[in-house]
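Dear colleague,

Please find below the structure that I am handing over to you. My findings follow directly after it.

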Amino acid sequence: GGFLESSQLECRDSSLSRNVGGALGGGLRMTLDSQLLLERCAVRENKAGESACVDADRGMCGGGGIAAGDSAVVNIARGSLLEANDAGPGAGGGLLVSGSSNITVSESTLRSNLAGGDGGGVACFGASTVHLADSVMTNNRAGGRGGAVFAGTSNNLTLGGSIDLAGNSAASDGGAVFSEGEVALAAGGLTR
């Protein structure tokens, strides 16, 4: 996969597929103040977390599709797809978020991602902010908590617009969503 450190990447009408990463980020690993924009971009069949997985319960490994840490900014929008990514024994099959990162997922699909730890679709640790709106998160699986989404105690998680959370599963708690903190449901939204 790729590695961004204090860098910017825009992916439009393209794909990032079938890559294997170490402990973090099978498709892409982001650190420091990196910025990522995905529009109509597919991130699929990437694998992370196979080596040096020290502490999966705190988001120290995983991010099958994307691992965003430190103060990264990620915008996944306009028909983008995170599909069939695997975090190995780690967290965040599709997307692992840590540090003080800011993530927005809108009008996109996260499906059939797998994590041996928490968050089959998305796992959030640290003091990150995650906003999910008008998206589909289906058939994601977690070996821990939160089949579609896991959010730790200090995260800001917002679900807005229409969110489809069908067919997700977790071996522990929260088949669709597990949050140790508050979850904001934006007015006028529909979550199923």
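In which loop does arginine 78 lie? In this predicted model, arginine 78 is found in the loop between β8 (73-77) and β9 (81-83). Its phi is positive, at about 50°, although the residue is not a glycine.

Glutamate 107 also deserves a note. This residue, likewise other than glycine, has a positive phi near 50°, and its place is the loop between β11 (102-106) and β12 (109-111). Glutamate 107 is partly exposed, because its relative accessible area is 49%, which falls between the limits of 20% and 50%.

Serine 101 sits in the loop between β10 (95-97) and β11. With a relative accessible area of 1%, serine 101 is buried, since the limit for that class is under 20%. Its side chain reaches the backbone nitrogen of alanine 72 at 3.4 Å, and a polar atom of that side chain lies 2.9 Å from the backbone oxygen of serine 98. Beyond its neighbours within four places in sequence, serine 101 is in contact with Ala68, Gly69, Asp70, Ser71, Ala72, Ser128 and Thr129.

Turning to the nonpolar cores, the largest has 31 residues, of which Met30, Leu38, Ile66 and Leu132 touch the most other members. Apart from that core lies another, of 7 residues, including Ala67, Ala91, Leu96 and Phe150.

With kind regards

Definitions and conventions:
Residues are numbered from 1 along each chain as its sequence is written. This is a predicted model: local features need pLDDT of at least 70, side-chain atom pairs count only at pLDDT 80 or more; totals for chains, interfaces and linings use all residues. Side-chain values use heavy atoms; hydrogens and water are left out. Helices (H or I, at least four residues) and strands (E, at least two) are DSSP runs, numbered from the N terminus. Buried means under 20% relative accessible area, exposed over 50%, partly exposed in between (1.4 Å probe, protein chains only). A nonpolar core is a set of buried Ala, Val, Leu, Ile, Met, Phe, Trp, Tyr and Cys residues joined through side-chain atoms within 4.5 Å. A polar contact is a pair of N or O atoms within 3.5 Å; within protein, one must be able to donate a hydrogen and the other to accept it, and residues adjacent in sequence count only if both atoms are side-chain atoms. Contact means heavy atoms within 4.5 Å.
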